[in-house]
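Welcome! Please open your viewer, and let us take a walk through this protein together, one selection at a time.

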Amino acid sequence: MYDVIVIGGGAAGISSAISAGRLGAKVLILEKNKKLGKKLYATGNGKCNLANEDASIEKKYSSWDETYVSFLDKVFHGNPTDKLSDFVHSLGVGTYSKNGYIYPMANQASAVVWAMVDELSRIGAEIVTDTAVTGLTEDSDYVHVTTDSKTYMGKSVILACGGKSYAALGGSDMGYTLAKSLDIKLTDIQQALCPIMTDKDLSIAAGVRVMANAALYVDYVCVDTEQGELQITDYGLTGIMIFNLSSCAGKALRQKKDTWLSIDLAPQLEKQMVRKILSAATGRTCLGFLNGIINDKLARLILKECNIDDKKKTNSLTESEISRLLDALKAYRVTVTGLKDYDQAQVCSGGICLSEINADTMGLKKYNNIYVAGELADIDGKCGGYNLTFAILSGIKAGVSAYAYN
């Protein structure tokens, strides 16, 4: 018999177990991987971007539920960056800020995972790994958690199972299956923080990286913008800036809305300056002119798009051709046709409907003793520590609430 059973040994699950155990709860963690924190080890390319000093919820998180900002305000109940840092410091892990991004002093995700596991040991939490939960049943007093080997009983349960992203690191649909078995409503589930596929053959410029600005349009309305390094692939576009637009783009596609990107491939230059450079390139080929501004492979892609010969001299361009070149350079348009699969997605968008969750406790409204934490809820954040912040802080709230139920 346990006070709190946590299903899932990722950031949300470990945080909830620690917060409940620190209050005196007898805690059990059930994890289907062979070790805890498998996804956490890979966070921030192994450096573990914990949080971000820019805590603007509306711009950094998304959900199918339009009330997600007020939901997160209740979950965080204050400055999320400060709360996240306080928790990490309480584990004995120092942090520092670089350009607003919060990292562990060691620059290693393993430092955070090891500190968490040490704390679980200190509070006496029991850990069972390499075991999958197959079912949940609830009676008036307890929750019965069935695994592939035995059944455990707990006074309360926390669902911190994560989502389908990164199957190689343990992602699965187990949490969604358990939620459905409890008659809990789910929103559409889709990939997020992942590459975007487009309607155009970009293979001529595959491998090119360029600093760019991108605007996401949905039914002719600009809904989001990003800037940073853009990476071109044979199937479409990738890079952090593209990841940050993928959740919104995916939702629009599911709603069968026209979805496209307008990309400024030379954000450092205004159109007028490009014209000035063109005027100075008299006698050069169009490829030579563009290569003075962008990568030659990208220049070939644009010229092909504009149906202009690489070797054509700049002084023989018509005004119509010049306009096409400038538009392609400063507002290159690609239609979004899809997202890369879950194996290339850092997180999932969608999950348990926020209307099913009490934001003050992270408890399921239909049950007195079942709680939710992390990615399983219909909240996803952009790159920069936002998903980890939500996972840990929602886990802490769920752990405290689960203990209070006892």
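Which residues are linked with Arg22 in a network of salt bridges? Select Arg22, Glu119 and Arg122, and you have the members of that network on screen. Before moving on, keep in mind that this is a predicted model.

**Step back to the whole chain**

Show the chain as a cartoon: there are 13 helices and 22 strands to find. Its C-alpha trace spans about 85 × 40 × 35 Å along the principal axes. Of the 406 residues, 56% count as buried. Now colour by charge: 43 side chains are positive and 45 are negative, and the centres of the two sets lie 5 Å apart.

**Into the cores**

Next, select Ile7 and Leu159. In the largest nonpolar core, which has 84 residues, these two touch the most other members. Helix α13 (residues 386-405) gives this core its largest share, eight residues. Stay with Leu159 and show its surroundings: leaving aside neighbours within four places in sequence, its contacts include Ile7, Leu136, Leu178, Leu182 and Ile370. Then look for Leu265, Val274, Leu317 and Leu329, which are among the 47 residues of a second, separate core.

The whole structure holds 17 salt bridges.

- Select Glu375 and Lys39. Their closest N and O atoms are 3.7 Å apart. Glu375 sits in the loop between β21 (370-372) and β22 (380-381), while Lys39 is in helix α2 (residues 38-42), so you are looking at a link between parts 336 residues apart. Is Glu375 buried or exposed? Glu375 counts as buried because its relative accessibility is 15%, which is under the 20% cut-off. Lys39, at 25%, is partly exposed.

- Select Glu229 and Arg209, whose side chains meet in a salt bridge at 3.1 Å, N to O. Glu229 belongs to strand β14 (residues 221-232) and Arg209 to strand β13 (residues 209-218), 20 residues apart. Glu229 is partly exposed, with a relative accessible area of 35%, whereas Arg209 counts as exposed at 52%.

- Finally, select Arg300 and Asp310, which form a salt bridge at 2.9 Å, N to O. Arg300 lies in helix α11 (residues 296-305) and Asp310 in the loop between α11 and α12 (319-330), so this pair ties together parts 10 residues apart in sequence. Arg300 is partly exposed at 33%, and Asp310 is partly exposed at 22%.

Note on methods. Residues are numbered from 1 along each chain as its sequence is written. This is a predicted model: local features need pLDDT of at least 70, side-chain atom pairs count only at pLDDT 80 or more; totals for chains, interfaces and linings use all residues. Side-chain values use heavy atoms; hydrogens and water are left out. Helices (H or I, at least four residues) and strands (E, at least two) are DSSP runs, numbered from the N terminus. Buried means under 20% relative accessible area, exposed over 50%, partly exposed in between (1.4 Å probe, protein chains only). Lys and Arg count as positive and Asp and Glu as negative; His and the chain ends are not counted. The place of a charge is taken as NZ of Lys, CZ of Arg, CG of Asp or CD of Glu. A nonpolar core is a set of buried Ala, Val, Leu, Ile, Met, Phe, Trp, Tyr and Cys residues joined through side-chain atoms within 4.5 Å. Contact means heavy atoms within 4.5 Å. A salt bridge is a side-chain nitrogen of Lys or Arg within 4 Å of a carboxyl oxygen of Asp or Glu.
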